[in-house]
Amino acid sequence: MYKITPYNESIDLTEFYKEAHQRGLHNNSTKKMLFDSISNEREWQVWILYYNNEIVGTTAAHSLDIMGNNCYRIAARSCVFTDKLPLNHIRTLTGIKEHQNATAQFLIPICIEWQPYANLYITSNEHEQGTQRQVHRIFCPALEKTGALNKVAEKEYRGHKQTFWEVNVDVYYRQLDEFGRWPIEGLV
C-alpha cells in the first residue's frame, strides 16, 4: 500500500540515498542534494513516498519568488523507483497523460495540497542529470497537450536555463478524477 509523509529527522534515508546514487539520480543521492539545495528558500517541504513500508520516492516544493508573489515550485527533487511498484506506467505517453503513475497520483497532489491557493510551477531543463531531460522533453509537454500544464516562461534559474510550466490545478484534478485515483493508506 502507498503512503506519503512529510520528511522529519526520524526518517532514515541511508538506503534510499545509496539506491538513488546507484541509479544515477544525483539530486536525490545525498542529504545535501535533497535538502540543503532547497532549505535556503523562504518556505519549503520534502515528502517521502512509501510502498509496502519501503521508501520508494521523494518530492519537494518551495517558494519561487522569481515568478512573483504567492508562487511555488512543486515536484522538485521528484524521484520514484518505479520498478519497486506494482504499476510502471510513467514510461508511456498514455500513462503520463492519464496520470497513471506515482508522480501524478501522489507527488504532485501532495505539493498542490501544501499550497492549494498558490500559483504552482514545475520546472524542467535540458540537463542530462537524472531524468530531467525526459521531464523536459516528454513529461511536461505531454501534460501541456492535455491542458494540465502551460509553458509560461524560460529563465536562468539555479544555474540552468529552465522552462517554467504552470499547473492548472482544476484541470489536473478533474483529469485525475476522470482517469482514476489510486488508493493510498494515508497522507500522514
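Modeller: Rings of Phe, Tyr and Trp (its six-membered ring) pair if their centres lie within 6.5 Å; planes under 30 degrees apart count as stacked, over 60 as edge-to-face and the rest as tilted. Ring pairs of this kind link Tyr2, Tyr51, Phe106 and Trp182 into a cluster. This is a predicted model, in which local features need pLDDT of at least 70 and side-chain atom pairs count only at pLDDT 80 or more, whereas totals for chains, interfaces and linings use all residues. Residues are numbered from 1 along each chain as its sequence is written, and side-chain values use heavy atoms, with hydrogens and water left out.

Colleague: How many aromatic pairs does the structure hold?

Modeller: There are twelve aromatic pairs.

Colleague: Why is the pair of Tyr7 and Phe35 called tilted?

Modeller: The ring centres of Tyr7 and Phe35 are 4.4 Å apart and the planes lie at 45 degrees, so the pair is tilted. Both Tyr7 and Phe35 are buried.

Colleague: Why does Thr58 count as buried?

Modeller: Buried means under 20% relative accessible area, exposed over 50%, partly exposed in between (1.4 Å probe, protein chains only). Thr58 has 0% relative accessibility and therefore counts as buried.

Colleague: What makes the charged end of Arg23 sit over the ring of Phe81?

Modeller: The term requires NZ of Lys or CZ of Arg within 6 Å of the ring centre and within 35 degrees of the ring normal. The charged end of Arg23 sits over the ring of Phe81, 4.3 Å from its centre. Likewise, the charged end of Lys3 sits over the ring of Tyr50, 4.9 Å from its centre.
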